[in-house]
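Subject: Handover of a structure and notes on its contents

Dear colleague,

Please find the structure placed below for your use. I would be grateful if you could read the notes that come after it alongside the coordinates.

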Amino acid sequence: MPPPDPTAPHEPSGAGAPTDLADRYGVPSRWRRVALLTAAVTVVVAFGGWLGWTIWEQARPQIASGELRFEIVSDREIVATFTVDLADGVDPADTTCELRAQAVDKSLVGRLVFAPQPDARNQVTQSVTTVQRATAVDLIGCTTEGQQRPR
């Protein structure tokens, strides 16, 4: 037995029952569909524009830091070396970097916020004074006037 045709009119289920849902509920107006489609396209285009702008801005930081190495000098000092990449036109005097020294139990034993002075290879070497022996250094990152999130 073939399946019923969905486009065929329905059999009335009671006396005076309409044979078509469009007769029962009415047909939605065309302008509503056009307005909904226009609004949806506008929202998608606006979101896509915002997403593109966000990706572009985040891909070009004014300052970035990384490649951390450290050496434990004594029970009260640890020396960290890392790279700092500055965008064109950024003055190193307007930037700050943050290092945090940790003990073996992960407690904070030293913290240093300073203006980096990178050498010709974009490396910065900085000594962090600690209150007890440090076993690790975390480079929180560097910020500048136009970029408040550390990188």
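The notes below describe the fold, the sheets, the core, the disulfide and the aromatic pairs.

This is a predicted model, in which local features need pLDDT of at least 70, side-chain atom pairs count only at pLDDT 80 or more, and totals for chains, interfaces and linings use all residues. Residues are numbered from 1 along each chain as its sequence is written, and side-chain values use heavy atoms, with hydrogens and water left out.

Overall fold

The protein has two helices and six strands; helices (H or I, at least four residues) and strands (E, at least two) are DSSP runs, numbered from the N terminus. Along the sequence the pattern reads α-α-β-β-β-β-β-β. Of the 151 residues, 21% are buried, where buried means under 20% relative accessible area, exposed over 50% and partly exposed in between (1.4 Å probe, protein chains only). Taking contacts (heavy atoms within 4.5 Å) between residues at least 6 apart in sequence, 56% join residues at least 24 apart.

E1 and E2 run antiparallel and are joined by nine bridges. Isoleucine 72 has isoleucine 78 in E2 as its bridge partner.

Strand E3 (residues 95-102) pairs with E6 in the antiparallel sense over eight bridges. Glutamine 102 has alanine 136 in E6 as its bridge partner.

The nonpolar core

A nonpolar core is a set of buried Ala, Val, Leu, Ile, Met, Phe, Trp, Tyr and Cys residues joined through side-chain atoms within 4.5 Å. The largest one has 17 residues, and Phe82, Val84 and Leu99 have the most contacts inside it. Strand E2 (77-86), E3, E4, strand E5 (123-129) and E6 are the elements that give two or more residues to this core. E2 gives the most, with four residues.

Leucine 99 touches several residues beyond four places away in sequence, among them Ala80, Phe82, Leu112, Phe114, Val128 and Val137. Valine 137 lies in strand E6 and is buried, with a relative accessible area of 5%. Its contacts, again leaving out residues up to four places away, include Leu68, Phe70, Ile78, Ala80 and Leu99. Valine 137 and isoleucine 78 are 59 residues apart in sequence, while their C-alpha atoms are 7.9 Å apart in space.

The disulfide and its surroundings

A search of the whole structure finds one disulfide, defined as a pair of cysteine sulfur atoms within 2.5 Å. The bond joins cysteine 97 to cysteine 142, with an S to S distance of 1.9 Å. The torsion about the S-S bond of this pair is about 100°, so the disulfide is right-handed. Cysteine 97 belongs to strand E3 and cysteine 142 to strand E6, 45 residues apart, and the pair thus links distant parts of the chain. Both cysteines are buried.

Glutamate 98 is also found in strand E3. Glutamate 98 is buried, at 13% relative accessible area. Among the residues that glutamate 98 touches are Arg111, Val113, Asp138 and Ile140.

Aromatic pairs

The structure holds two aromatic pairs. Rings of Phe, Tyr and Trp (its six-membered ring) pair if their centres lie within 6.5 Å; planes under 30 degrees apart count as stacked, over 60 as edge-to-face and the rest as tilted. Phenylalanine 47 and tryptophan 50 form a tilted pair, with 5.8 Å from centre to centre and 35° between the planes. These two residues are three apart in helix H2 (residues 30-59), which means that about one helical turn separates them. Tryptophan 50 counts as partly exposed, at 47% relative accessibility.

Yours sincerely

Conventions: Pairing = 2+ DSSP bridges.
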